[in-house]
Number of protein chains: 2
Amino acid sequence: MRLSDLSTPSLLVDAPAFAHNVAVMGEAWPGTTLRPHVKAFKSTSLARELAAAGHPAFCAATPREVLGLAAAGLGADLLLANEVLDGARLAAMASADARVTVAVDSEATIAAAAGAGIGEVLIDVDVGCLRCGCDPSVAGRLAELARARGLHVRGVMGYEGQLMMEPGATKEERVAGAMHRLLGAHAEVGGDVVSGGGTGTYAVNRWVTELQAGSFTLMDTDYGRLGLPFRQALSLWCTVVSVHAGPSGWAVADGGLKALGMDHGNPSVVGHVLVYCSDEHSTFAATDGGMLPSVGDRVRLLPAHVDPTVAYHERMYVVDGEEVLDSWAIDLRNW
Amino acid sequence: MRLSDLSTPSLLVDAPAFAHNVAVMGEAWPGTTLRPHVKAFKSTSLARELAAAGHPAFCAATPREVLGLAAAGLGADLLLANEVLDGARLAAMASADARVTVAVDSEATIAAAAGAGIGEVLIDVDVGCLRCGCDPSVAGRLAELARARGLHVRGVMGYEGQLMMEPGATKEERVAGAMHRLLGAHAEVGGDVVSGGGTGTYAVNRWVTELQAGSFTLMDTDYGRLGLPFRQALSLWCTVVSVHAGPSGWAVADGGLKALGMDHGNPSVVGHVLVYCSDEHSTFAATDGGMLPSVGDRVRLLPAHVDPTVAYHERMYVVDGEEVLDSWAIDLRNW
């Protein structure tokens with residue numbers, strides 16, 4: 001199949017860029033030192049590529065991601081890096097054909113995990129992200145409590161999400177501070193695992209035993225600002241459905257808010273200037289000295305945030321130039 | 001089923017608020033003078049409620065919405081208020097068990113519609129929205145071209161989207177200006193239909209023969225700012241999964257960017273103050289003098305933009321107080 005045969009809007013993955021990204025990250029974090037975070041791409045097909053590249057242990061944000069990976073035979077070592085109180089979903093994960101570890105950060109989450117038959121946990125520690133994770137001062141007590149409930153405590157996790165977009169000059173020092181909190185908690189908790197980090201800190205976080213990165217696989221324009229050695233592999237393939245010619249003219253592509261995560265701002269239109277997005281459209285203008293396309297032409301939009309973009313779509317098409325090589329179902333959506 | 005039995009995050013529709021909204025809009029725009037826009041709710045179950053309330057003609061933004069409505073037996077009069085060049089999708093709509101009218105605004109879109117066997121069109125006219133729609137000066141010529149291609153031209157449409165959030169003082173005058181452009185085009189085009197408008201202009205647009213409104217059914221906090229007589233019927237039901245006690249403490253709900261359209265800004269947390277959203281979480285603080293909830297408590301988030309919020313979900317639960325009355329599949333997602 002050719003690119004021009006695809007209906008629009010369609011999500012594209014540039015195969016050479018994806019392969020480059022996996023190779024670069026695998027060089028820095030080989031084997032199971034990388035625990036790819038499936039929340040960024042929500043696809044067992046993409047996860048299978050990472051497993052084939054030597055990274056068979058995955059990180060997930062939702063029970064459905066864990067259950068989907070397990071059902072796809074990718075359950076060698078799954079970490080749900082999130083707190084869950086839902087007994088039915090915890091029990092489903094406990095009985096899945098997989099090694100499942102869940103994050104806990106309170107007596108209630110420990111009780112829920114133990115009550116549902118979950119076997120292994122990490123103590124989730126707040127390292128400044130203003131999200132889940134206990135205060136480091138109570139991590140040791142929670143680990144004791146978990147062990148008393150029969151849970152195997154594998155170690156700690158702490159996500160320095162607030163530092164992903166931190167500029168280079170201060171990044172290493174601030175990541176060191178966050179990881180100091182995590183290692184302090186680890187000393188109280190014990191276990192082999194110190195899990196954390198992400199695409200934005202992959203080059204400076206030297207303290208975790210495994211990196212929870214996912215965005216590097218596909219990338220977005222927000223991470224693109226950091227100048228990391230990962231390439232923009234994800235784009236939205238659109239048809240130009242309306243053109244207003246003239247010097248103050250505009251054109252309209254058939255992909256908008258319902259095909260793009262918008263919390264990091266507008267997408268970019270390759271070769272043109274975005275004006276605004278609405279539900280099913282992106283209006284754009286010509287660059288200075290550029291030309292508007294014609295009705296029926298195709299354009300590419302580059303998403304500003306990969307995770308909520310992927311979550312809108314049913315599948316991604318893997319392309320190399322004009323050729324469509326494969327189609328990956330985005331089969332881990334919703335909860 | 002009780003509200004407390006629902007897994008989270010789940011999208012809720014408050015049944016009394018929804019009924020109120022349908023009644024208020026039906027009073028202003030009875031019968032087929034209202035052409036409810038399914039893009040706002042993407043559910044044939046919700047559409048069926050509107051048909052039962054006397055509004056059997058629908059507006060859609062995607063071929064899949066049209067085909068889904070037709071397959072659900074709701075195809076009495078469907079308008080695809082969008083330009084489509086995809087011959088296969090146009091042919092599928094042409095052969096659906098439904099009366100299908102599509103918007104056209106160029107020679108290319110007329111040729112695509114005629115070539116695929118579509119029978120009826122509206123000439124889409126730009127009324128200042130910077131999106132699809134031809135210049136009014138060429139509307140008559142396009143209508144002639146469409147008729148020459150064997151298409152029945154039912155009239156015109158023009159969406160004054162740029163005026164939906166316009167403040168009250170200038171709204172009526174500016175809508176009058178936009179509709180003057182549309183009526184000028186209509187004089188050249190002919191036909192019975194002048195289609196346009198939306199929830200934000202429902203009270204001041206006296207020129208269209210049918211109103212394309214959808215958001216009024218469920219509402220969002222952005223439309224809520226306008227002080228319209230519609231009630232917030234849509235909310236995201238979440239579980240509090242982590243709490244950091246103390247005076248500068250915070251709590252975390254288990255719904256975030258992948259459950260909420262974010263282009264109109266952050267959601268509101270009922271009874272609390274939102275701090276920020278991430279992929280699967282919303283972090284919030286207590287109000288001045290308020291208390292944080294406990295782990296395991298439930299909270300409601302009110303989305304800022306209904307359309308891209310609904311597009312993330314598989315279903316909505318219809319609730320009245322603590323009782324879950326029904327479940328509506330969001331079966332018109334994607335393209």
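1. Two strands are said to pair if DSSP finds at least two bridges between them, and helices (H or I, at least four residues) and strands (E, at least two) are themselves DSSP runs, numbered from the N terminus. With these terms in hand, one can look at strand 1 (residues 10-14) of chain B, which pairs with strand 9 of chain B in the antiparallel sense over 4 bridges; here Leu12(B) stands opposite Ser235(B) in strand 9.

2. Before going further, please keep in mind that this is a predicted model, in which local features need pLDDT of at least 70, side-chain atom pairs count only at pLDDT 80 or more, and totals for chains, interfaces and linings use all residues. Residues are numbered from 1 along each chain as its sequence is written, while chains are lettered from A and ligands numbered from 1 in the order in which they are written.

3. Strand 14 (residues 298-302) of chain B runs antiparallel to strand 9 and is joined to it by 4 bridges, with Trp237(B) opposite Arg300(B). Strand 10 (residues 250-253) of chain B also pairs with strand 9 in the antiparallel sense, again over 4 bridges, and the bridge partner of Val240(B) in strand 10 is Ala253(B). The hairpin of strands 9 and 10 of chain B has 5 residues between the strands, and in it Gly246(B) takes a positive phi near 110 degrees.

4. Is strand 9 of chain B buried or exposed? A residue is buried if 20 or more other C-beta atoms lie within 10 Å of its own, exposed if 12 or fewer, and partly exposed in between, the C-beta atoms being placed from the backbone. In strand 9 (residues 234-244) of chain B, 11 of the 11 residues are buried, so the strand is largely enclosed by the rest of the structure.

5. The meeting of the two chains deserves attention. Two residues are in contact if their C-beta atoms, placed from the backbone, lie within 7 Å, and 46 residues of chain A are in contact with 45 residues of chain B. Strand 9 of chain A gives the most to the side of chain A that touches chain B, with 4 residues. Of the interface residues of chain A, 98% are also interface residues in chain B, so the copies meet through the same surface.

6. How the copies are related can be stated once the method is clear: they are superposed by least squares on the C-alpha atoms of residues with pLDDT of at least 70 in both. Chain A can be laid on chain B with an RMSD of 0.0 Å by a turn of 180 degrees and a shift of 0.0 Å along the axis. The two copies are thus related as by a two-fold rotation axis.

7. Within chain A, the domain bounds come from an automatic or database domain assignment, which gives domain 1 (3-10 + 230-329) and domain 2 (30-212). The C-alpha centres of these two domains of chain A lie 34 Å apart, and 7 residues of domain 1 are in contact with 7 residues of domain 2. Helix 9 of chain A gives the most to the side of domain 1 that touches domain 2, with 3 residues.

8. Finally, Glu166(B) has its place in the loop between strand 6 (152-158) and helix 7 (168-189) of chain B. Because Glu166(B) has 18 C-beta neighbours inside 10 Å, it counts as partly exposed. Not counting residues up to four places away in sequence, Glu166(B) touches Lys171(B) and Arg174(B).
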